[in-house]
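Dear colleague,

Please find below the structure that I am handing over to you. My notes on what was found in it follow directly after.

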Amino acid sequence: MSAWARSVAVQELPSRGRGVQAVAPVQAGAELLAEPPFAFVATQEYEPRVCHRCFKEAEDLQTCPRCQRVRYCGRACQTSDSRWHQQECAYLRVRPVTPTLRLALRVLVRLAAEKNGPEDPSAEVARLISHREDIPPERAEMFAQMAALVLDCLWISEGGQSGGPPQGVVEQRPLPSVLVSSGLSSVAALVTLFCQLEVNVFHILNTDLQAVGSGLFLRATSLNHSCSPNAVVTFEGSLLSVRATESIGTGQEVCISYVDVAKTTASRRAELHSRYHFLCECPLCHEVSRDGKLTELRGSSAAAQGRISEAGELVEAGVNHLQRHELTEAREKLLKALSLQKGAVGPLHQCAMETLGSLLRCCIDQQDFSSALKFCSLSMPYYEFVYRGNHPTLALQYYTLGKLAWCEGNVELAFSSLDRALQIYKVTHGSQHCTVAQLSDLLHEVAQARSQLTS
């Protein structure tokens with residue numbers, strides 16, 4: 001298994017439980033962990049579009065001829081994944097297995113394959129927090145039904161017949177050998193596994209920060225949360241990397257954010273409590289002035305709320321048009337919404353920024369790069385405000401701004417934006433990441449054009 005850098009260590013921390021702590025000074029940009037997934041799957045949205053091994057997006061993916069569901073970019077990825085796919089191929093042919101269910105099955109198959117081996121992972125998996133006692137009864141019941149589906153899929157993969165929907169049939173057949181070998185040989189144990197996955201799984205993001213997969217990374221699960229993190233998780237393919245986003249002193253805890261830090265304190269806390277079952281008390285959660293700017297209203301409260309409500313309906317309609325690629329209708333709705341919001345909310349209000357984001361996507365899809373550049377520029381003060389310091393989302397927005405400026409012939413804005421994006425990416429992703437290489441090439445091209453203009 002991958003190991004943490006020597007500058008950090010996993011320890012029991014007072015009032016924090018298990019966490020990662022710096023045992024020596026850490027510089028911004030230092031890689032603290034590079035870890036392949038223990039088990040991973042593609043998301044439902046990206047299943048038809050990405051290689052299920054390396055997550056490369058391509059149009060000419062090779063589909064498994066048996067299950068007709070799993071796809072690969074080439075022979076190398078197919079061969080590399082065959083150890084795990086051969087177990088699931090049988091039940092993928094006959095059952096509509098969700099990504100969550102498929103991930104749990106892959107965890108079980110790997111546990112069974114490596115139990116009692118030189119790197120037996122069973123103790124690491126058993127140590128994962130589950131919050132089993134905190135989940136509501138209806139969710140526990142759903143996990144029990146999913147556990148029955150797991151049993152059914154494993155029976156199919158071992159040559160048995162499907163028992164159909166889980167209605168008490170699971171106790172009437174012997175346990176599948178994979179389940180016995182994995183050490184999780186009861187419905188209760190499987191329910192706990194689903195609880196563990198819900199709390200510990202990471203979204204695997206592509207270069208546009210879209211979730212293309214989900215995976216269990218046993219080392220990275222030791223990281224605790226802060227809404228003011230000093231580290232970030234990024235990906236290249238399915239490989240997870242943890243890097244410091246700022247200098248971390250000896251004795252300081254290394255933290256990432258489990259949620260989008262752009263949200264208000266109430267939204268962040270609600271999401272953290274719902275999924276991770278704790279109340280965050282980090283410094284950002286006590287920064288009242290920040291929330292005030294994200295929710296600032298202009299004029300009378302009643303009038304502003306009325307305009308916001310009307311704008312919200314327009315945005316919802318506009319986004320629906322955008323998803324159907326009805327770009328003219330989408331743009332019309334979104335522009336009306338933005339006009340209503342301008343008179344009702346402050347310059348950093350979340351609603352207006354979400355509208356700007358949708359307009360940006362719409363204009364890019366229409367190839368109206370001049371308008372896209374305008375909307376992207378208007379959003380930058382918000383991104384600088386909510387994603388402070390070295391944050392991948394801020395880097396991506398600067399990258400987008402730079403490319404739009406370059407398309408529109410604004411060389412100076414293109415150069416400054418791309419350079420800013422590059423400096424952040426080098427910290428968050430490292431100088432060897434594919435995004436840094438692509439951005440460096442573009443920046444070099446822009447720098448040459450800039451030099452010719454000033455010579």
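Predicted model: local features only at pLDDT ≥ 70, side-chain atom pairs only at ≥ 80, totals over all residues.

Residues are numbered from 1 along each chain as its sequence is written, and side-chain values use heavy atoms, with hydrogens and water left out.

H325 and H277

H325 is placed in the loop between α9 (301–323) and α10 (327–342). Its phi is positive, at about 65°, although H325 is not a glycine. H277 belongs to the loop between α7 (265–276) and α8 (288–294). For background, most residues other than glycine have a negative phi.

The chain as a whole

The chain contains 15 helices and 12 strands. These elements are DSSP runs numbered from the N terminus: helices are H or I with at least four residues, and strands are E with at least two. For 455 residues, a compact globule would have a radius of gyration near 23 Å, and the value of 24 Å for the chain agrees with this. The radius is taken over C-alpha atoms, and the globule rule is 2.2 Å times the number of residues to the power 0.38. Along the principal axes, the C-alpha atoms fill a box of roughly 75 × 50 × 50 Å.

Of the 455 residues, 50% count as buried. The chain exposes about 21400 Å², of which carbon and sulfur atoms supply 50%; these areas come from the Shrake-Rupley method with a 1.4 Å probe, and for residues only the protein chains shown count as cover. Among contacts (heavy atoms within 4.5 Å) with a separation of 6 or more, residues 24 or more positions apart account for 64%.

The mean positions of the 43 positive and 47 negative charges are 2 Å apart. Lys and Arg count as positive and Asp and Glu as negative, whereas His and the chain ends are not counted. Each charge is placed at NZ of Lys, CZ of Arg, CG of Asp or CD of Glu.

The four-stranded sheet

An open sheet of four strands has the order β1-β2-β12-β9, with mixed pairing. β1 and β9 stand at its edges with a single partner strand each, so one side of each is left without a neighbour in the sheet. Two strands are taken to pair if DSSP finds at least two bridges between them.

Strand β1 (residues 8–13) pairs with strand β2 (residues 17–22) in the antiparallel sense, over six bridges. The two form a hairpin with three residues between them, and S15 in the turn has a positive phi of about 65°. Within this pairing, V8 has A22 in β2 as its bridge partner, and V10 stands opposite V20. On to the next strand: β2 and β12 (residues 253–256) run antiparallel and are joined by two bridges. There, V20 has V254 as its bridge partner in β12.

G215 lies in strand β8 and is buried, with a relative accessible area of 0%. Not counting residues up to four places away in sequence, G215 touches A39, F40, V201, F202 and I204. G215 and P118 are 97 residues apart in sequence, and their C-alpha atoms are 23 Å apart in space.

T221 sits in the loop between β8 (211–216) and β9 (224–225). This residue is buried as well, with a relative accessible area of 16%. Leaving aside neighbours within four places in sequence, T221 is in contact with L128, N200, F202 and L216.

Helix α15

Q438 is found in helix α15 (residues 434–454). At 47% relative accessibility, Q438 counts as partly exposed. Q438 and E253 are 185 residues apart along the chain, and their C-alpha atoms are separated by 33 Å.

With kind regards

Methods. Buried < 20%, exposed > 50% of the residue type's maximum accessible area, 1.4 Å probe, protein only.
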